[in-house]
Amino acid sequence: MKLLTAIIKPFKLEEVRTALTDLGLQGMTVTEVKGYGRQKGHTEIYRGAEYAVSFLPKIKIEIVIPSDQVEKAVEAVQTAAKTGQIGDGKIFISPIDHTVRVRTGEIDVTAL
């Protein structure tokens, strides 16, 4: 099993959710986060004054998936989240050693 963590632009959330659901993947955790990458934020003008926005709003998606579906899931997220502009985000894949469904006690892939 693997943990797919994706940091994406907020307006791309529904497209990414649909893409993952179309693969048959169920359940995800979504968190509103702030951060920056290579662009290091940007400047905006508000009421005539310029100010720096250091941390940009992003969405963090976390989903645990079977190892054999990692490539398809990464491709789906990448395709759905891509705008071609700087700040499209990142996808991280981490190993998951053990999963337990609290309600039933099911373990590992059956718990997903």
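Q: What makes the largest nonpolar core a core, and which of its residues touch the most other members?
A: This core has 18 residues, among which Leu 4, Ile 8, Val 16, Leu 20 and Ile 65 touch the most other members. The name refers to a set of buried Ala, Val, Leu, Ile, Met, Phe, Trp, Tyr and Cys residues joined through side-chain atoms within 4.5 Å, where buried means under 20% relative accessible area, exposed means over 50%, and partly exposed lies in between (1.4 Å probe, protein chains only). S1, H1, S5 and H2 each supply at least two residues of this core, and H2 gives the most to it, with 7 residues. In soluble globular proteins, nonpolar side chains tend to be buried together.

Q: What kind of model is this, and how are its residues numbered?
A: The model is predicted, so local features need pLDDT of at least 70 and side-chain atom pairs count only at pLDDT 80 or more, while totals for chains, interfaces and linings use all residues. Residues are numbered from 1 along each chain as its sequence is written, and side-chain values use heavy atoms, with hydrogens and water left out.

Q: How many helices and strands does the protein have, and what is a helix or a strand here?
A: There are 2 helices and 6 strands, and along the sequence they follow the pattern β-α-β-β-β-β-α-β. Both are DSSP runs numbered from the N terminus, a helix being H or I over at least four residues and a strand being E over at least two.

Q: Why is the protein called more spread out than a compact globule?
A: Its radius of gyration is 17 Å, well over the 13 Å that the globule rule gives for 112 residues, so the protein is more spread out than a compact globule. The radius is taken over C-alpha atoms, and the rule is 2.2 Å times the number of residues to the power 0.38. The C-alpha atoms fill a box of roughly 60 × 25 × 20 Å along the principal axes, and 29% of the 112 residues count as buried.

Q: What makes the buried residues of helix H1 line one face?
A: In H1 (residues 13-22), Val 16, Ala 19 and Leu 20 are buried. Seen down the helix axis, the buried residues of H1 fall within an arc of 95°, so they line one face of the helix; the arc is that of the directions from the helix axis to the C-beta atoms. An α-helix has 3.6 residues a turn, so residues three or four places apart point the same way. Among the elements that cover the buried residues of H1 are strand S1 (2-8), strand S5 (56-65) and helix H2 (70-81).

Q: What are the order and the pairing of the open sheet of 4 strands, and when do two strands count as a pair?
A: The order is S2-S5-S1-S6, with antiparallel pairing. Strand S2 (29-35) and strand S6 (89-95) stand at the edges, each with a single partner strand, so one side of each is left without a neighbour in the sheet. Two strands pair if DSSP finds at least two bridges between them: 7 bridges join S1 to S6, 7 join S1 to S5, and 7 join S2 to S5. Among the bridge partners, Lys 2 goes with Pro 95 in S6, Leu 3 with Val 64 in S5, and Gly 35 with Leu 56 in S5.

Q: Why is strand S1 called largely enclosed by the rest of the structure?
A: Of the 7 residues of S1, 5 are buried, so the strand is largely enclosed by the rest of the structure. Helix H2 lies across S1, S5 and S6, running at about 5° to S1, whereas H1 lies across S1, S2 and S5, at about 10° to S5. Axes are lines fitted to C-alpha atoms, for helices over the stretch in contact, and angles run from 0 to 180 degrees between N-to-C directions; contact means heavy atoms within 4.5 Å.

Q: Are Leu 56 and Asp 108 buried or partly exposed?
A: Leu 56, in strand S5, has a relative accessible area of 11% and is therefore buried. Asp 108, in the segment after S6, has 25% relative accessibility and so counts as partly exposed.
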